[in-house]
Structures are given as structure tokens and as C-alpha cells.
Amino acid sequence: MNKLRISAPVMTAYLLFLLVPIYWLVTMSFKSNAEILGSFTLFPENPTLENYRTILTDASWYMGYVNSFIYVSLNTVISLLVALPAAYAFSRYRFMGDNHLFFWLLTNRMAPPAVFALPFFQLYSSVSLFDTHIAVALAHCLFNVPLAVWILEGFMRGVPREIDETAFIDGYGFTRFFARIFIPMIAPGIGVAAFFCFMFSWVELLLSRTLTSVEAKPITAIMTRTVSASGLDWGVLAAAGVLTIIPGAIVIYFVRGYIAKGFALGRV
Amino acid sequence: MQRSTNQRAWFLVLPVLVLVAFSSVIPMMTVVNYSFQDSFGGNEFFWVGLEWYRELLRSERLWDALGRQLLFSSIILLIEIPLGILVALCMPKKGWLASLCLVLMALPLLIPYNVVGTIWQVFGRADIGLLGRSLSDLGISFNYAQNAFDAWAIVVVMDVWHWTSLVALLAYAGLRSIPVAYYQAARIDQASRWSVFRFIELPKMRGVLIIAVLLRFMDSFMIYTEPFVLTGGGPGNATTFLSIDLVKMALGQFDLGPAAAFSLMYFLAILLISYVFYTVMISSDKAEPQS
């Protein structure tokens, strides 16, 4: 009884604290600029879809979403492809320098992107990859590959070694065993790792903004420039913000049980 | 799990090694180069040795940014860790209500960093924001664009809004791993709520809390986008943290030498903290085998 009396109000208050700012953004996206600046209302008086129309019909806006999706997907695929064998090696074998290597990977997850902004800009310019999707995708590998290795390693440790050994005795080669038996067994882990790669690449701004100018400019960068340039189109800005929240809000439902594990680098 | 020795495992790690080397070692080496050189435009570089380091360590700019950064990270930890634990303790244990709470709580974590900044930017403005407007209706003058204290307040509240859920989720995962038998034993002993927390829940959450503290410390130590969008580092330099200062120096003023030296010191600090993190985490892994 006692527990319920305290828990429910605390939980409600906390959730309100989380949701009110988001609610404010959402209502704003349905208001006209005149209403936002002129009258102060809790609900949109004349709900309008004008702001969303602006974004979805103007190529300089909606291409931002397309660009973001392209490099985020590229990054997720690359990260998983290289992380899978590495995570398997870390979870199954002992080899020269394994602990040092593992630590070194971790430091990349912890490296401040600000440190890498300038050198990345020069590196990708010099190999003429500046302003391409692949450049951003590779740059985001800096923190996503280590993350994917850590998460996958955590899941792979849960699979008993006997499975590998039985498969090898049964005459499976390594590649066939890996693709046919092992991957299906850790499918949830791959899903979670993919989700986290997707997410961290999606929310990142500094590197993706530094590495792009026109062709591959992500939606998040387009938003910041709109703020500084024309300044005051709040309705469109809010609508653009709402549209960036939606993908996360949808996929989060599928991984709700694993969120903690992902954030804890696979160690819960 | 017992792992067998196999040097050929290196081949499995090779792709990661190549990729991460490309995206971290090569850029890092250019930074090291710049930090020891000066350029007068174009591509002429001169060896200046440790000059940039000396200049930086003597400049107030770096120390001020570092001071603000440490203050910010400490405030963040002091608020978010206890609040996160409290929220985790109050979460429903099972059923659809628990799922709903999980999904809603995780929502801020998945919002792009600059949108987080944008949300609070519009939320806090006195003319169009709910928070700013309410405060001014209550007779409190609140202007984060001009008043340094207000700017700090809103940046801290924003970070609490953004990341407390992470602490709560980790703590919740830790709480869920406690067998029901522990609570039953506590009830038989007629233990108070406080002693259940102190002697059962807190020790069981130790591992996840270490991760939470270190992740929060490290991520707040390199925070860039959210305050950049919200306050732009201002008013004046009031909310210019290390990353913001660094980006200003490197991409804004193109002071390659000092920026590179700054980067290296910044990175070494992070490396040191990462090492502590890694050691603590590995030893707590060993102390408490995976369930």
C-alpha cells in the first residue's frame, strides 16, 4: 500500500516532466506562425498542416530526411558486418592483445566527436569523399562499431560454447556454422545492436554537419541552419523536429526490453 | 565462459581494426602533427615544438572552459543519479503499465541532440514557450539568452530531461535481476523500506550504477550539440563547455595548432577516464558473473 502511495505520483510527475516539452513542440507544429507569435494558447486554435506541407513538398527539406536515412542505414550495415566476426572472436577466443584491443575500441566510443571534426573534414576532403553519404557513414563507425562489438559480445557470451563444438563435430565449416546456426541464435542481439547503431547515427549532429554541405546534408543540420539564417519560422522548425522524433518513437517499442542492455554496452 | 587460445581469431578482428584505424588513428595522427606546427596559410608548416601546449596551459580560456565543464558534469551527476534511482524504484514492476513507462521514458533518449536543443529553446522562451511564459506570468524574470544563471538553469534542466531516463533504465534493469526470495526474506525479518533499499537493492544495483555514473560523466564531459543549439555557448562565454570551445577554435577560427593541442589534451583526459571505467567495469564483471 505504502509503495503505491508514493510511486504513482512520482512516476506521473516524472512522465509529465518528460512529455510536456515534447507536447509543446507537437502543438507548435500545428500552429501558424501568426498564432505562435501572436496569441498564447495551450491548444492550436486553428490546427493547420501547413508546416508539414512545407517540409514534405520542398526538396531542400525532405531530402534532408532521405540523406539522413541513407547514411544511417549504410552505417548500420557496415557496423554490423565488421562487428559480427570481431564480437565472435572476443567472446570465444583468447588471443594476443585481446584485452588491449577491446579497451582501445572502448576509447573510440568515448572519444569526443569535437576532437575528430576537423581531422575528419580534412581526411574526407583529401580523398574527395566530402559531402557524400558514405563519408558520414564511415565517420559514424568511429563510435558505432565499438558499440556494436560490445553489445554483440554481450549477447554471444550467453550462447553456450557446446553449440559451436557440436556443430564443428557435425562437420559444419566455420562460415556455414556462423551463417546457418549462430546468427539465427543471436538474432535478438543483432536487432538490438542494429537499433543502437541506427539511433546513435540518427541523433548525431556535429560530425554529419561538418562532413556535408549540399548533397548529403542531414535533416538535423538543415534545421540548425534554418534557425540561424531566417531565424523565425518556428512552425516549420517544430514540424521538422516532430518528424525526426517519429522513427525513434516507432522502433523503440520493439526493443523496449533491451534498451538498458544497449546503453550499458551489453553489460546488464 | 572459458575461452580457448586461438591466434587466428585475429583474422576475425581484422575488419574492425582496419575500419576503426581508418576513422580514428589516421585523423588522430593529423591532429598530432598540427599540434606541433604552425602554418601561415597555405601549406607551409613550421615546427614549433611544445609552443601551443605552453600557450594553452597559460591561457585562461582553457581553464575557464574546463572549470565550467567540471561544474556542469558534477551538477548533472548529483541530480541525475539520485533522481534516476528514485524513478526506477517507483516504476511499475510488470504489465502493460511497465511497458508504457519504458517506452515513454526512453523517448527523450532517441531524439536527435539538436532537436532536444530546439525543444528547450522554444519551451523556455518568454514570448512563445510554455515554461518561459509561465515563469514570467508568475513574476519571475527568466531570459536564458541574457542571464547567465538562467542559461545554466535551462541547460541543466535540459540535460536532466534528456538523460535521467538512462540512469533510471539501467537501475531498473538492475532491480529486476533481484530474486523475489530476497524481498520475502526481508519481509520475514520485518526490514524497513530503507534497509531493503540499503542492504538489498543498492548492492544489487552496484554494477549498473557504476556504468550509469561513468557514462553520464563521460557524455556530459563531451556535451556539444544541445547547449550549442540552446544557448550557443552564451550569454558571453557562460555556457561554453570544452567541446563548444574546441569547435569554435578549430572550425570557426581555424586555429589549427592550438585546436590540435587542445584536442590532444582533451582526448588524453577522456582516455584516462575511460581506463578507469574499463578497469572498474571488468573487475565488477568478474566479481559478479553474468546471470
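Trainee: Which residue does R94(A) stand opposite in β1(B)?

Mentor: R94(A) stands opposite T5(B) in this predicted model.

Trainee: What makes β1 of chain A and β1 of chain B a pair of strands?

Mentor: Strand β1 (residues 93–94) of chain A and strand β1 (residues 4–5) of chain B are joined by 2 bridges. Pairing takes at least two bridges, so the two strands pair. They run parallel.

Trainee: How many residues of each chain are in contact across the two chains?

Mentor: On chain B there are 76 residues in contact with 83 residues of chain A. Helix α1(B) gives the largest share of the chain B side, 14 residues. By class, that side has 58 nonpolar, 15 polar and 3 charged residues.

Trainee: Why is M28(B) called partly exposed?

Mentor: M28(B) has 18 C-beta neighbours inside 10 Å. A buried residue needs 20 or more and an exposed one has 12 or fewer, so a count in between is called partly exposed. M28(B) belongs to helix α1 (residues 9–35) of chain B. M28(B) and L264(B) are 236 residues apart in sequence, while their C-alpha atoms are 8.5 Å apart in space.

Trainee: And why is G49(B) called exposed?

Mentor: Around G49(B), 9 other C-beta atoms lie within 10 Å. The limit for exposed is 12 or fewer, so the label applies. G49(B) sits in the loop between β3 (45–47) and α2 (51–58) of chain B. From G49(B) to Q184(B) there are 135 residues in sequence and 66 Å in space, C-alpha to C-alpha.

Trainee: What makes helix α11 of chain B mostly covered?

Mentor: In α11 (residues 242–252) of chain B, 8 of the 11 residues are buried. Among them are L242(B), I244(B), L246(B) and V247(B), and also S243(B) and D245(B). The helix is followed by F254(B), whose phi is positive, near 55 degrees.

Trainee: Which residues touch the most other members of the largest nonpolar core?

Mentor: They are A83(A), V149(A), L169(B) and L170(B), in a core of 160 residues. Helix α7 (residues 133–157) of chain A supplies the largest share of this core, 17 residues.

Trainee: How do you know that V149(A) is in contact with V16(B)?

Mentor: Contact is called when two C-beta atoms, placed from the backbone, lie within 7 Å. Leaving aside neighbours within four places in sequence, V149(A) is in contact with V16(B) as well as with A83(A), A86(A), A87(A), F90(A) and L105(A).

Definitions and conventions
Residues numbered from 1 in each chain as written. Chains lettered and ligands numbered in written order. Predicted model: local features only at pLDDT ≥ 70, side-chain atom pairs only at ≥ 80, totals over all residues. Helix = DSSP H or I, 4+ residues; strand = E, 2+ residues; numbered from the N terminus. Nonpolar A, V, L, I, M, F, W, Y, C, P; charged D, E, K, R; others polar. Core = buried A, V, L, I, M, F, W, Y, C linked by C-beta atoms within 7 Å.
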